[in-house]
Each structure stands twice: as C-alpha cells, then as structure tokens.
Amino acid sequence: MWWPWRRRDPRIADELRFHRESLIDDYIAAGMDRAEATRRAFLKLGNLAHLEEDVRDVRGRWLEDLSRDLRYAFRTLRRSPGFSIIAVLSFALGIGANVAIFSLVSAVMLRSLPVRAPHRLVQITRLLEGHPGQVSYPLFAQFRDQIKSISGAFANASVTEAALIDGQEDFVTAELVTAGYYQVLGLEPAAGRLLGPADLQPSSTPGVVISDGYWQRRFGRSPTVLGKPVTLRDRAFTIVGVTPPSFLGVRPGQPPDLTVPLIDSLMSDAQRRATDFNWLRVLARLAPGATVTQANAEAQVIFGAFVESQAAHASEKDRPGILGQRAGAFRAPDGFNVLRDNISQPLMILMGIVGLILLLACVNLSGLLLARAEMRQREISIRLAIGAGRGRLVRQFLTESLVLASAGALIGLLSANWVSAWLFRMFVNGRSFNLSVSPDWRVFVFTAAIAIISCVVAGLTPALRAVRANVNPALKEVRAQGQGRFGRGLVVTQLAISMVLVVAATLFVGTLLALNAVDRGFDPEGLLVVRVRSAQPYSAARAPVVQQALRDRLASLPGVATASASQMLPLTGGLWDRGVQVEGYLFQPGEPDHVGFNVIAPAYFSTLATPLLAGREFDERDTAASLKVAIVNESFARHFFRNQSAIGRHVTSVGVTCEIVGVVADAKYQDLRSDIMKTMYIPWTQREGDQPARYSYVVRTVSGDPQRLSPTVERLVGDVDSGLHLATATDYDTIVNRAMSTERIMAALGGFFGLLAIVVAGLGVFGVLAFQVARRTNELGVRMALGASPTAMVGLVLRDVAAMVGAGVTIGTVGALAATGLVRNILFGLTATDPRVFLVAAIAMASAALLAAWLPARRAARVDPVVALRHE
Amino acid sequence: MADGSKSDLLQGTLDMLILKVVALGPIHGYAIAQRLEQMSDAVLQVQQGSLYPALHRLEKRRWLRAEWAQSDTGREARFYTLTAPGRKQLDEQRAYWDRLSTAITGVLRTAE
C-alpha cells in the first residue's frame with residue numbers, strides 16, 4: 001500500500017544504526033577486537049529502539065500513528081469480511097439516508113439566490129393564513145414608494161407565453177418584472193446588458209433578457225443573439241442581454257427563459273388599477289442599517305390604511321373579510337420559494353426519521369463492535385500487558401470504526417444523489433420544478449460530520465469497554481456480567497428507537513389509507529385530462545366555437561365513451577367562489593353567502609361518473625339564448641333547501657338568475673383533505689363576461705390506459721385549429737396521485753424505515769438472548785436437573801424478552817408522544833396521539849421480539865442437564 | 001573544573017553548537033558528535049541520547065535540511081546542511097551568547 005507520507009519517512013533507525021556502526025569501526029581502528037568494540041558501542045549509545053522513539057516524539061507522530069492504525073485497521077477488517085460488509089452496509093444505509101434527505105433540505109431550504117447580499121432581501125406581501133399570498137399592482141406601488149426601510153422593491157409575475165423569435169414560435173416561461181428588478185437583486189449580466197429604465201420608455205423598443213439555459217437550449221450560445229427581435233403578445237421586444245448561468249430566477253425550481261419588463265401595455269386595466277386583483281409578488285432590499293422588523297412594521301401600517309380605503313368602497317357584507325386581511329415582510333434570501341413552503345415540513349419529519357435510523361444503525365454497530373472486542377480480548381490483554389497505552393488502544397479501535405464509517409459514508413454519498421433525485425421527482429410529481437439536488441458543499445460537510453459523529457457514537461463505548469479489560473483473568477467473570485447488561489441496554493435502546501419509527505410508519509400509512517378511502521365523488525380511472533394552449537388569444541366570438549368543436553371531436557374519437565370540459569376539475573386546486581342569493585332562503589347575519597362556482601360543458605357529470613341525484617345534466621338544449629340554468633351539488637341542496645326538492649328553484653349570482661335543473665353528488669375540488677364546498681355549476685354556453693375562459697377537457701376512454709390516446713389527441717387538437725397546441729394530456733389517476741404525493745412518500749419511506757427498524761430490533765433481541773442462553777447453559781442445566789420443566793425454561797427466556805420489550809416500548813412511546821407536534825399537520829383521519837396507533841405499533845414490536853426469541857427459547861428448553869453440567 | 005569532571009551542557013547551548021558545526025558544511029550525525037567532542041576539548045559531554053532528538057528538532061524547525069548520501073566509509077548516511085533561517089538563528093544565538101558571557105564575565109570580575 002502506498003502512503004503519501006511514507007516518502008518522507010526519515011529512516012531514523014538507519015541513521016542511528018549508521019552512528020553505531022561508525023562508532024564500532026572507530027573502536028576497532030583504535031585497536032579493540034570486534035566483540036569488545038560492539039559492547040562498548042552499545043554501552044555508549046544505549047537502546048537504539050528507545051532512542052528512535054525519542055526522536056519520533058520530537059518529530060511528532062500523530063500522522064504516523066494514524067497511518068499505522070489505518071493499515072492495522074484495514075488488515076483486521078479484511079480478516080473478517082462478513083462483519084466488515086455488514087458494518088459498512090449499515091453505515092452506508094444510515095448515512096446514505098441522511099445524506100439523501102439532507103441534499104433535498106439543502107437544495108430546497110438552504111440555498112440563497114446567487115445575488116448580492118441575499119440575506120438583505122425581504123418579501124413584502126399579504127398573508128393568507130400565515131402563508132405569503134400575492135398583491136395587486138396598486139398595493140405594490142404603495143409598498144415600494146412608502147416603506148422607508150427598504151432601498152428598492154420590484155414586483156413580478158410568471159407567465160407561459162408564445163414568443164416569436166426568428167420566425168419560429170416557442171412556448172417560453174417568462175418573468176414579467178417591474179423596473180428595478182436587476183438593481184434590487186444586484187446582478188451583473190453574463191453578456192450584453194440587463195433591463196434598465198430605458199426599457200420602460202413608451203417610445204423605444206423594450207429589451208428582454210434571456211437566461212443562460214435558454215441561450216444554450218435555443219441559440220446554442222450564439223453571440224449573435226443580442227439584438228434579435230422577439231414578439232410577445234403582439235408587441236416587439238429586443239434581446240439585450242443574458243443572465244449568468246448561476247442565476248435561475250427568483251423562484252427556486254422554476255427558472256424563466258425570458259425576463260420581460262412589465263410595460264404598461266402588457267397589463268390589462270384591471271391588473272394595473274384594481275386593488276383586489278392580486279397577481280404580483282414583491283421582493284425588496286433592506287436599506288443600509290434597516291432591519292426586517294422595521295420593514296414588517298411599516299408594511300403593516302401601510303396595508304392597514306390600504307384595506308381601510310378598500311373596505312370603504314365595499315359592501316357591508318364583505319367589509320369584515322377585507323379588514324381581516326394581514327400583511328407582513330419577512331426575510332427571503334431564496335426568493336419566492338414555493339417548494340420550501342410546500343415540502344419543508346415533510347422534509348424535516350423525514351430528516352428526523354433518518355436521524356433515528358442512523359442512531360439505530362450506530363447502536364446496532366455498537367453491539368457488533370462490542371462482540372468483536374469480546375472475541376479479541378486475548379489480543380487486547382496481551383497488548384495491554386506489554387505496555388500499550390489504553391488511550392492508544394482506544395484510538396486504534398476508533399480508527400477501525402472510522403474506516404467502516406468512512407467506507408459507509410462514501411457508498412452512502414454515491415447512492416444518495418440518486419435517491420434524492422428520485423425523491424424530488426416523487427415530491428413534485430409531474431409538476432414542473434427544475435431544481436438541481438446534486439450534493440453541494442453543505443452536503444459534503446454534512447456527510448463528513450455525520451460520518452465522524454456516527455463513528456464515535458458507535459465505536460467509543462465498545463472501545464472504552466474493551467480496554468477496561470484487566471490483565472488479571474480472575475476479574476473476567478465480573479466483566480462478562482457487565483457486558484451482558486450493557487448489551488441489554490443496547491437492545492432496549494434499539495427497541496425504543498424502533499417503536500418511535502413504527503409509530504411514525506403507522507401514522508403515515510394510516511393517513512394514506514384514510515385519504516384513499518375518501519369519497520371523491522368521481523371515478524378517475526379511465527379518464528384523460530387534456531389541456532391546450534393557443535399561441536394567440538382567441539376573440540370572444542371565436543373562442544366558444546373552437547372550444548365546442550374540440551370537445552365534440554374528442555367525444556367522437558374511437559375508444560372514447562364521452563368527453564366534456566370544465567373550468568376547474570376535481571382535485572386540481574379548488575373552485576372560484578361567488579356570492580349568491582337563493583330563492584326562499586334567508587342568510588343569517590354574518591353567514592357567508594359564497595359558494596363554489598364552476599363552468600362546465602354538457603355531459604360533464606356522466607364523463608366524470610359523478611352520480612346525478614335528481615333532475616338532468618346540461619345538454620345541447622342549454623344555449624346562450626335559452627333559459628338560464630344551474631346544477632348544484634348535494635351540499636348546496638341540503639344546506640339551502642333542507643328536505644325539499646331543489647329542482648325548479650332559483651339561484652341568483654352576479655345579477656343573473658338561474659333555474660336549478662339538477663342535483664349531483666359532492667366532489668372534492670381543492671384536494672382530498674379539504675371540506676366539500678357548496679357548489680353551483682353553470683353551462684359554458686351561458687357564462688357571463690366577455691373575456692374567453694380557459695377550459696380543461698376530460699375524456700372517458702372505453703378501456704385500457706387513457707394515456708394511449710395522447711398522440712391521437714395531439715393530432716386532433718392541431719386539426720381543430722392550426723393555432724391550437726396540446727399542452728398536456730394526463731391520465732386522471734396521475735392527477736389524483738399528485739394530490740397525495742407527499743402522503744405517498746411519507747407512507748412509503750415511513751413504512752420502509754419502520755419495517756427496517758423492526759428487523760434491526762428483532763436481530764438485536766435475538767443476539768442478546770442467544771448470548772444469554774449460551775452463557776447460562778450451566779445454570780439452565782442445573783435448573784433442569786432440579787426438576788424445572790422445559791416450559792419453565794421457555795418462560796425464563798420470555799420473561800427476559802417481555803422485560804426488554806416493555807422497557808423499549810415504554811421509552812419509545814414517551815419519545816413518540818413528545819414528537820407528535822411535528823407531524824400533526826400532515827396527518828389525516830387519525831391523530832398523533834391515537835391509542836390505536838400505539839397499540840398497533842406495540843403489537844408489531846412484541847411480535848417481532850417474540851419471533852426473535854423463538855430460537856433461543858427453544859434452545860433453552862432443550863438444554864440437556866447432563867451435557868450442560870459436563871460442559872463446565 | 002579543576003578535578004577534570006565534564007559539565008553538562010547549558011540548556012539551549014546544544015542547538016547553537018550543532019548549528020555551528022553544521023555551518024561548516026554538510027555533515028552526518030556521527031561526525032557531528034565527534035566534532036562536538038573535539039571542539040570542546042572533551043570538556044563538554046554531549047549525551048548521545050540528546051544529539052539525535054536535537055538534530056530532528058532543528059530539522060523540523062527548518063533550520064537544518066537533511067538528505068541521505070554516501071559517507072567516506074561508503075555507507076549511506078544522513079547529511080545535515082544549514083538553511084538560511086538556520087544561519088540567521090545561529091547568528092542571533094551567537095550574539096546573545098556573546099552578550100551573556102560578557103555580562104557574566106563582567107559580574108565575576110566585579111565580584112573579585
């Protein structure tokens with residue numbers, strides 16, 4: 001083996017030997033015979049080995065000792081490959097799981113924007129139940145102009161647009177930004193220039209900035225890209241610059257292709273003027289010396305005045321809602337991080353789970369290392385007897401665990417990257433998030449740190465106990481007893497950790513089962529959801545023609561039973577809501593008059609397989625000119641009409657009165673956890689408003705995978721209108737799964753680690769019992785000889801198991817109860833303190849322990865007294 | 001010293017003597033030991049046990065450089081040479097020694 005520090009080996013022994021030989025030569029030259037000369041030289045120089053050690057002490061020996069220890073560790077570990085492989089794999093699993101989750105934590109929660117002083121950035125926004133919402137343009141302008149503790153602010157909105165470049169149409173993600181975007185961020189261009197005040201002058205052609213990724217993807221990094229004209233929403237722009245490769249926009253995971261100045265003509269009148277049209281996000285930079293607390297206080301004062309004036313113009317009924325709104329400013333070094341808001345809680349829970357797994361692995365390894373030290377007792381005793389220092393021996397043992405932990409960490413690090421990428425895909429589950437989760441410097445530091453910590457946790461106690469061994473064999477018996485107690489302590493620890501993990505697993509699996517059992521009010525199987533986009537918006541007159549044609553063509557496809565369309569589909573994020581008046585119903589004071597509102601095409605409910613409870617669906621008879629009609633859901637009917645029929649009743653909203661023609665079963669629109677909304681549906685032919693609406697199309701296939709239809713659908717979309725493109729074609733099961741992606745991950749990982757913990761704890765119980773039975777063979781033999789029955793022997797072992805499981809489960813229960821606050825929010829259908837959960841977990845633990853005890857118990861029952869007594 | 005007994009070296013003096021000897025040219029440990037004995041007329045006793053730790057300490061401080069080469073007898077020996085910082089160190093120690101011995105001599109004279 002080659003060691004870098006070997007080359008600098010000073011060869012002290014050689015140097016000293018040269019000295020001695022020169023001395024002998026001189027003595028001989030002076031007339032002594034060789035024997036006498038040698039004797040005199042030895043007398044003069046003393047013990048060369050001793051002298052060599054003195055010199056080594058001077059030179060410092062830390063590195064050298066380490067190299068020796070490492071070589072020795074490698075040699076000993078190679079001699080027991082079975083142990084080494086198990087140990088390395090345990091470390092690899094424990095460390096790898098931690099690295100994988102931490103990579104996600106680092107990527108999602110710890111990365112700052114690559115801009116100047118990111119910690120000085122604050123998001124200023126309305127707060128919806130404590131979460132950041134969006135703001136209107138007038139509110140943004142007030143924040144920007146009136147808050148004194150910021151040096152600048154910008155607002156932005158993200159859109160997907162068709163951009164015309166070089167005569168080719170391209171769907172791009174564009175970031176619409178107000179003036180000062182790059183100045184507030186403090187960003188330098190990689191090429192050309194970034195947006196400035198000139199781009200907002202109405203007279204000139206405004207510039208756009210492209211991202212490094214888009215430059216690469218679309219233009220192959222061609223320098224001629226600067227100055228190219230771009231057409232966006234019929235307006236002309238020029239590409240003026242490229243952002244640096246490290247800058248991926250202000251929304252982590254959603255890098256923009258184009259950054260476009262928010263010129264007046266890109267905003268509708270409502271977008272610019274309406275105080276309740278919330279469509280922007282605001283980021284600001286704190287002024288020098290100002291704090292986020294000051295900015296927060298100012299934002300609240302300004303927002304207070306803002307909602308006051310808003311409420312003054314609102315109806316009596318809406319006023320409390322408006323005045324109840326909150327705003328705030330908080331640090332946003334990572335920009336608008338939706339991912340962090342969404343998955344940081346499950347990530348922290350997973351971090352806790354894998355932390356416990358690593359602890360479990362360490363405890364398990366501690367037991368293995370202890371057993372190993374036991375076997376090496378002779379070696380240790382000899383080394384102690386010939387004068388090895390205990391500290392030195394402990395270092396030697398720790399080096400061994402360090403080798404194991406490092407090897408495990410290496411394997412863990414290599415596999416973690418793959419696991420975290422897979423986990424991230426599961427978390428975002430088809431949503432378009434583009435975030436690199438490959439390890440950054442934090443991950444490397446973290447890996448090294450936990451490798452060293454776990455090496456010490458696993459290796460220190462066994463090492464200390466091993467060198468406590470006394471050279472005097474008479475004390476050996478006492479020590480073996482102690483070792484047994486320590487071993488049992490380890491097993492109880494394992495059982496306790498496992499109990500916590502099993503409780504977590506039960507909670508998450510239970511949550512997933514409960515969500516799966518939720519009545520969704522429709523049948524997703526066999527449904528294909530089709531979304532389209534058009535390069536240019538259709539006119540109000542043309543849009544319905546294209547939309548109805550598309551729906552009719554989809555319905556007549558071979559292999560399709562029915563097809564329909566709606567503005568909002570179940571489980572895709574909720575409904576619009578509207579205030580209503582209902583015929584024959586008087587609202588109580590303070591009772592909200594809002595209901596869910598959806599616009600649908602004919603055959604919507606038969607396509608979704610939502611049961612029609614009374615009346616009829618919309619069909620071709622319901623035109624813009626015919627009687628205004630509505631369908632309501634069961635909750636609506638029950639709330640407003642009690643036991644009477646809803647059919648023929650009237651409901652009025654935004655000044656339009658509709659006759660109710662049907663009642664359908666409830667369906668969940670937001671997600672599976674949310675409550676059912678009282679909902680009214682109107683036919684798409686009778687929708688008010690002159691702006692064309694966007695629809696999702698839904699197709700019920702006759703058989704097989706709905707996704708098979710995608711190519712056909714894509715061609716069909718182009719046939720209906722050349723300006724129309726297929727955006728997505730997704731089977732509905734995928735969408736339903738997306739609504740449960742976090743729960744699925746938690747159940748899968750929680751379940752996996754829970755199972756693993758049970759197995760590890762079972763093995764621990766088995767190991768200790770087997771050891772105890774073997775050690776007590778003699779005692780058991782005596783008991784048998786004195787008339788104890790085999791059943792009593794089994795009872796002896798089982799009492800042992802019961803004691804350990806009892807202790808472990810109790811400690812684990814206490815631990816799990818202490819941690820319930822962490823998981824409360826993500827549970828569904830059960831609570832974190834549900835006694836059933838703890839019962840299930842305790843039964844699982846006990847069964848595993850009993851299973852593990854079976855073999856040792858049988859051996860105890862079969863002890864032959866004669867053999868056992870002779871054994872001594 | 002009338003009884004001819006050899007005195008132990010003063011603390012730190014050994015380093016200075018070694019630097020002085022090595023300053024004369026590349027030299028191995030055995031030769032240094034011999035030279036020290038000769039130079040001090042065998043009055044100063046250099047314990048063999050302290051020579052090598054001292055050599056390696058000076059090397060570690062970068063005042064000496066060492067490399068293996070053939071000795072006169074044809075054997076491989078470790079030869080030491082003085083480095084630039086070593087020479088500076090020698091000068092400083094020497095100046096200090098001169099001041100010290102002048103001062104001590106002065107004290108002894110006055111006392112007579």
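Let's start with helix 3 of chain A, which covers residues 48–59. Its 12 residues reach 16 Å from the first C-alpha to the last, close to the 16 Å expected at 1.5 Å a residue (the expected span is 1.5 Å times one less than the number of residues). After helix 3 comes A:Gly60, with a positive phi near 85 degrees.

This is a predicted model, in which local features need pLDDT of at least 70 and side-chain atom pairs count only at pLDDT 80 or more, while totals for chains, interfaces and linings use all residues. Residues are numbered from 1 along each chain as its sequence is written, and chains are lettered from A and ligands numbered from 1 in the order in which they are written.

## The whole chain

Chain A has 27 helices and 23 strands (DSSP runs, numbered from the N terminus: H or I of at least four residues for helices, E of at least two for strands). With a radius of gyration of 37 Å, well over the 29 Å that the globule rule gives for 872 residues, chain A is more spread out than a compact globule (the radius is taken over C-alpha atoms, and the rule is 2.2 Å times the number of residues to the power 0.38). Its C-alpha atoms fill a box of roughly 125 × 80 × 55 Å along the principal axes.

## Two helices that meet

Now look at helix 6 (residues 137–146) and helix 10 (residues 292–312) of chain A, whose axes come within 10 Å and cross at roughly 140 degrees (axes are lines fitted to C-alpha atoms over the stretch in contact, with angles from 0 to 180 degrees between N-to-C directions). The contact involves A:Leu139, A:Gln142, A:Phe143 and A:Gln146 of helix 6 and A:Ala299, A:Ile302 and A:Phe306 of helix 10 (contact puts C-beta atoms, placed from the backbone, within 7 Å).

Terms used. Two residues are in contact if their C-beta atoms, placed from the backbone, lie within 7 Å.
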